[in-house]
Amino acid sequence: MPEPVPADKPEGGEEYPSDEVGSTELTGLFVERPPDNVVAVAGSDVTFIAKVDSSTLTRKPVMKWLKGKWMDLGSKAGKHMQFKETYDRNTKIYTYEMKIIKVVPGDAGGFRCEVTAKDKCDSCTFEITVEAAQQEEQSDILSAFKRADAGEDDGNLDFSALLKATKKRKKVEEKPEIDVWELLKSAHPSEYEKIAFEYGITDLRGMLKRLKKMTAPEPKHCEAFLKKLDSCYSVDKGKKIVLTCEVVDPNVQVKWLKNGQEIKPSAKYVMETNGNIRTLTINRTTLADDAAYECVVGDDKSFTEVFVKEPPVTITKLMDDYHVVVGERVEFEIEVSEEGAHVMWFFEDVELHKEKDSKFRFKKDGKKHMLIIPEATLDDIGMYHAWTNGGHTKGELEVEEKQLEVLQDIADLTVKATDQAMFKCEVSDDKVTGKWYKDGVEVLPSERHKMTHVGRFHKLLIDDVKPEDAGDYTFVPDGYALSLSAKLNFLEIKIDYVPRQDPPKIHLDTTGNMVSQNTIIVVAGNKLRLDVEITGEPAPTVVWSKGDQVITEAEGRMRVEARKDLSCFVIEGAEREDEGNYTICVTNPAGEDKANLFIKIVDVPDPPENVRCTKVGEDCASMIWDVPKFDGGAPVKGYLMERKKKGSSRWTKLNFDVYESTTYEAKRMIEGILYEMRVFAVNSIGLSPPSLTSKPFMPIAPTSEPTRLTVHDVTDSTCSLKWLAPEKIGAGGLDGYVIEYCKDGDTEWVVANQELCERQGFVVRGLPVGEKINFRVVAVNIAGRSPPALLGQPVTIREIMEHPKIRLPRELRTKYIRKVGDKINLVVPFQGKPRPVATWYKDGQPVDPKMVNVRNSNVDTILFIRAAEREHSGTYELVLQIENMEDRATVIIRIVEKPGPPLKVKVSDVWGFNAALEWEPPKDDGNCEITGYTIQKADMKTKEWFTVYEHNRRTNCTASDLIMGNTYQFRVFSENLCGLSEEAGVSKNTAVIPKTDLEMKRPDYKEKDLSCMPKFTQPLVDRNVVAGYSMAISCAVRAFPKPKIIWMKNKMIIGEDPKFLMQNNQGVLTLKIRKPGPYDGGTYTCRAINDLGQDEVECKLCVKVFTETPKEEE
């Protein structure tokens, strides 16, 4: 049986009511509760918060929000009701929230929140009162009749909600009392609701039943049912429910009705008859089965209601995180367990609505639900949540500013007259537009100037180039502080007169793509067109070659084009294989000329290799990778990283700025979730393909240290240790434990177990005798070793013959209560070898030898108090210790005494023949609970006290049947376990019972002398009784003045024997004998004595012992 958690009382001393759930222990788990009463205005939002301390719990608590006694609000989660749960790892406190959006009158009533954790539970109740807003006073009254969870076409009415909703703060003018029942009898049935609403009748159904009994003749008593249907049934959606009743006549036929309509047998509704039992089985219940049902037998009916609860909708696919740039599309996607389920989307703590939030789009596709942001902005950064009535998931959105990258810059051009010039650039965003400028002046489209934008490429075409077209050309992207510039050089052709024989000459233009003498750089995939001017007379022959291979093709990807005075070398879509040394050779009869060129092809780098995780933490992981095999011909500037959850197809960017190192620590991950990573390499040309995905890795952390490490046993060469599992284990689980030891004063720790220990205990063997050894235990999981758990002091290795053990007597295991002045002598035996050291503590401090005497021996310890006083009360703890081994026992002692008198006793009101009394509890309760009060009254004439009430538990009462014309004074005794208080609290004022105005004229008469000697009017009767059964003998006596009564047995006076109880009630004398035995038989005499004489009666009592006679054998 678990140890109970003490229940914390709220302020004011009140205790919250709670219901026991089976055998679950009722405890105080709540740290914070909802307020008792909440007044909400219709249309506003209201939130209730409850906090639960889980530090003493073995598993996660389960919270239920209930309305009334049975309605689980978890199935009502949606737009109107929202539930939230958070957990603080530091304080180990769970926070539960219930939020009601736009309160309606139907939300009024009693609510209860109940938390359970294995064998512990706690609950608290609170009330919601809904007040109508002022501007809604003249709204349609029927709208308040609707149930809170009803749709537009639902016709069921909720009258109690209507009545609660009409409570106003305005004071209603007093009206003369009206008999509502007479008003209802004469009213038309259509006005019943209005009258009930006006006069505050909340139970409309009960009112109609009572009115029917008053107006209709009393129905005939019908006993058609032996057992009727239960008042209500509750069933989960999709499950089966059986309605059962029992009728008197086994042959009678019954009808089943649903909302007043007869039910026909079908596969869904199965009706069965078994003797007197009639059952209706409803298979695969739906929300349409939530209705009122009747079983009809003739004119008799049995009613019930069936409530169908929707099962919680769980989230089967969690939401992914997004890392995008401004303007990108974001799609948060989840999957739920049922189609058509209701999903609520939240941005931070604000719910997103389709009608209000136009920038968000909501999409449903079967079990898939999506939240779409067409174009993300910086305002969209934050956490997005998706809630169902049975699950919750969240995803983070990070939005970065756009950064435009130049993939291909503009190249300088040298163009001859009438040729075409083309400037071309490539940027990373295909949606970016821009403008072209010449020497700072915008270039406008014309017949010769044409601008094109196809995808990421921007071109400026200049036809029929003229000298005035030469200059600086610039492309400026819209919205970015960026510009790309290049120069257009105009090549003038001068025709000079030359001799007829002119050696050939190659004129190479070293501007443009040439970064060094005779070296040309081309981006892979781009087109290379090399126009070489050739002079010579006669026209020379041109030969292009790559290495030793002559290029003769005039068509194809790599070709040579011949023009007048020009030789064009063209490579379409340059590839890495095109890189190399090229030669152009021109010859004619006058001679030859040759030029060497080196064409370098640059490309994006190869992907990085061997991406792997080297270290993980609770929410982080260290990644490392190898540089690409080929850098693309340009140095690698850095890397871009992406990650995703395993099984997901959505990659999240981890950085937008280029990261230069080949090691990276990824953060902000969820512990226990498998992740995968990939890396891109970046050079001046662009972005490489992604690397191969890394092996899945999981962010995990080592556990916390093991707890409560203790020594279980010690021998000459071994030491047995025990401990408990770490408080925090995490997603990495727990693989086992490592036990280490070292000699006291040494720093070298020795591992005691070669393999991990999976149990929470271990015996360390081979220890040196007599040495002092320190021990520590470390928990190990996939993430590594935890901090060690250490013993408080070293252990001496020597055998303990017998462990210390306290044998606490049974009477000391519960609260030990004694009266003030009693002698206390507690003897507690124990065992242990060698002799244990016994120490007593009171309330955590060593006992004061001046107040308590302690004597210890080899086998027991004695706690002795000669005369107990109130200050001796407290919690005493006995600690028995041998070396590191110890045992503890706790004894709670409470010293009690009679309480003090009640305070401020007064007569608060007098009416008719009654008087109302009030008082306050005594200052001193005698150190125990006040069990009641005894109230006495006294007529001021006789001053004789008579008891009005005994064991009255409240601090007020009403004294009735007072005599007219008398003045009464009252006194009150307080009572506890020790008895009544020594003194009584006497009322300061008196109760005067006034006489009426009518005076009675008393006739003259002579006072009759009523004095008489005792005379028994009813004698004692002989009795035969069975031993062990209590009995009583009675007689009646008449005498005045009141006689003295003496009971005798066999002529011997019966004294204060607790076995006998003697009573005298108005002359009726009774002697009760508790469980008489054979020795209680004999002659009993009752004697009455007063001043005028005496009389006595007697009887014989025979006590028989009952013996069971054995049955005769057949």
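These are my notebook entries on a predicted model of one protein chain.

**Ground rules**

I number residues from 1 along each chain as its sequence is written. In this predicted model, local features need pLDDT of at least 70 and side-chain atom pairs count only at pLDDT 80 or more, while totals for chains, interfaces and linings use all residues; side-chain values use heavy atoms, with hydrogens and water left out.

**Whole chain**

I looked up the secondary structure first. The chain has four helices and 89 strands. Both are DSSP runs numbered from the N terminus: helices are H or I with at least four residues, strands are E with at least two.

Next I checked burial. Of the 1114 residues, 39% count as buried. Buried means under 20% relative accessible area, exposed means over 50%, and partly exposed lies in between (1.4 Å probe, protein chains only).

The chain exposes about 66,200 Å², and carbon and sulfur atoms supply 49% of that area. Accessible areas come from the Shrake-Rupley method with a 1.4 Å probe; for residues, only the protein chains shown count as cover.

I also looked at contact range. A contact means heavy atoms within 4.5 Å. Among contacts between residues at least 6 apart in sequence, 63% join residues at least 24 apart.

**S302**

I found S302 in strand β19, residues 300-309. Its relative accessible area is 1%, so S302 is buried. I listed what S302 touches, leaving out residues up to four places away in sequence: F225, K228, L229, Y293, E294 and C295.

**Aromatic rings**

I describe a pair of aromatic rings by the distance of the centres and the angle of the planes. Rings of Phe, Tyr and Trp (its six-membered ring) pair if their centres lie within 6.5 Å; planes under 30 degrees apart count as stacked, over 60 as edge-to-face and the rest as tilted. The count comes to 19 aromatic pairs.

Y94 and Y96 are stacked, at 6.2 Å centre to centre with 15° between the planes. Y94 is buried at 11% relative accessible area. Y96 is buried at 4%.

F111 and F126 are stacked too, at 5.7 Å and 10°. This pair links distant parts of the chain: F111 is in strand β9 (residues 109-117), F126 in strand β10 (residues 120-131), 15 residues apart. F111 is buried at 2% relative accessibility, and F126 is buried at 3%.

Ring pairs also link Y322, F332, F347, F360 and Y384 into a cluster. K359 lies over the face of F360, at 5.8 Å from the ring centre. R678 lies over the face of W651 at 4.2 Å. A charge sits over a ring if NZ of Lys or CZ of Arg is within 6 Å of the ring centre and within 35 degrees of the ring normal.

**Salt bridges**

I counted 44 salt bridges. Each is a side-chain nitrogen of Lys or Arg within 4 Å of a carboxyl oxygen of Asp or Glu.

D469 and R448 meet at 2.7 Å, N to O. They link distant parts of the chain, 21 residues apart: D469 is in the loop between β35 (457-462) and β36 (471-477), R448 in the loop between β33 (441-442) and β34 (449-454). D469 is buried at 4% relative accessible area.

R888 and E877 meet at 3.1 Å, N to O. R888 is in strand β71 (residues 885-896) and E877 in strand β70 (residues 874-882). Both are partly exposed, R888 at 46% and E877 at 23%.

K1051 and E1098 form a salt bridge at 3.4 Å, N to O. These two are 47 residues apart. I then found one network of salt bridges that share partners, joining K527, R529, D531, R559, E561 and E572.

**Backbone**

Most residues other than glycine have a negative phi, and most peptide bonds are trans. I looked up the exceptions. A cis peptide bond joins F1040 and P1041, with omega about 0°. R284 has a positive phi of about 45° and is exposed at 60% relative accessible area. H951 has a positive phi of about 55°, sits in strand β75 (residues 945-952) and is exposed at 51%.
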